[in-house]
Amino acid sequence: MIGPSGAVRVMVATKPVDFRKGMEGFATLVRESMGADPFSGAVYVFRAKRADRIKLVFWDGTGLCLFAKRLEDGIFRWPKIEDGVMRLSAAQLSALLEGLDWRLVHEARATPAPTQAG
């Protein structure tokens, strides 16, 4: 995927927004409706009323990026529509962008170190 990965913070606006906005409009939404800084390095995810569209805005260190995707078949699995913001892991974001159910992606459990028989 082009864009963020790893331990990046991913914030999802759970309420649909006007998708006619451009990069500056989404940066303003991040500041005003999410109370966050669009230049912080976090990824901010927005949905349209139609569940087949997604837009991300994020700062990559050199400029503000706007990523948009429309699924040709199917819909994105979105959280319940309500006012607010929720956090996803980078792995959950990847699943969401592929049109998969991100709720099935969980962080890997730490495995105990093997003990030496003595």
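Let me start with a pairing: β1 and β2 run parallel and are joined over 3 bridges. Two strands count as paired if DSSP finds at least two bridges between them. Helices (H or I, at least four residues) and strands (E, at least two) are DSSP runs, numbered from the N terminus. Within this pair, Val12 is opposite Val45 of β2. Between the two strands the chain passes through α1, and this β-α-β crossover is right-handed. Right-handed here means that, with the strands pointing away from the viewer, the path from the first strand over the helix to the second runs clockwise.

Before going on, a word on the model. It is predicted, and local features need pLDDT of at least 70, side-chain atom pairs count only at pLDDT 80 or more, while totals for chains, interfaces and linings use all residues. Residues are numbered from 1 along each chain as its sequence is written, and side-chain values use heavy atoms, with hydrogens and water left out.

Now the chain overall. It has 2 helices and 5 strands, in the order β-α-β-β-β-β-α along the sequence. There are 118 residues, of which 37% count as buried. Buried means under 20% relative accessible area, exposed means over 50%, and partly exposed is in between, with a 1.4 Å probe and protein chains only. Of the contacts with a separation of 6 or more, 55% are between residues 24 or more positions apart; a contact means heavy atoms within 4.5 Å.

Back to β1. What is the bridge partner of Val10 in β5? It is Leu88. β1 and β5, residues 85-88, run antiparallel and are joined by 4 bridges. In a regular strand the side chains alternate between the two faces of the sheet. In β1, Val10 and Val12 are on one side, Met11 and Ala13 are on the other, and all of them are buried.

That brings me to the cores. A nonpolar core is a set of buried Ala, Val, Leu, Ile, Met, Phe, Trp, Tyr and Cys residues joined through side-chain atoms within 4.5 Å. In soluble globular proteins, nonpolar side chains tend to be buried together. The largest core here has 19 residues, and those touching the most other members are Val43, Val45, Ile54, Leu56, Trp78, Leu93 and Leu96. At least two residues each come from β1 (10-13), β2 (43-47), β3 (53-59) and α2 (90-97). Which element gives the largest share of this core? That is α2, with 5 residues. Take Val45 as an example: beyond its neighbours within four places in sequence, Val45 is in contact with Val10, Met11, Val12, Ala13, Ile54, Lys55, Leu56, Trp78, Leu93 and Leu96. There is also a second, separate core of 15 residues, including Val17, Phe26, Ala27 and Val57.

Next, two loop residues. Thr14 is in the loop between β1 and α1 (23-33). Is Thr14 buried or exposed? Its relative accessibility is 4%, so Thr14 counts as buried. The Thr14 side chain reaches the backbone oxygen of Gly84 at 3.2 Å. Apart from neighbours within four places in sequence, the contacts of Thr14 include Arg47, Pro79, Ile81 and Met86.

Pro38 is in the loop between α1 and β2. With a relative accessible area of 1%, Pro38 is buried. Pro38 and Thr28 are 10 residues apart in sequence, and their C-alpha atoms are 8.1 Å apart in space. Leaving out neighbours within four places, Pro38 is in contact with Ala27, Val30, Arg31, Tyr44, Phe58, Trp59 and Leu64.

Last, the charged pairs. A salt bridge is a side-chain nitrogen of Lys or Arg within 4 Å of a carboxyl oxygen of Asp or Glu. The whole structure has 5 salt bridges. One of them joins Arg20 and Asp18, at 3.0 Å from N to O. Arg20 is exposed at 76% relative accessibility, and Asp18 is partly exposed at 31%.

Which residues are linked in a network of salt bridges? They are Arg50, Asp52 and Arg53. The closest N and O atoms are 3.7 Å apart between Arg50 and Asp52, and 3.3 Å apart between Asp52 and Arg53. Asp52 has 12% relative accessibility and so counts as buried, whereas Arg53 is partly exposed at 23%.

How values were computed: Polar contact = N/O pair within 3.5 Å; in protein donor to acceptor, adjacent residues only side chain to side chain.
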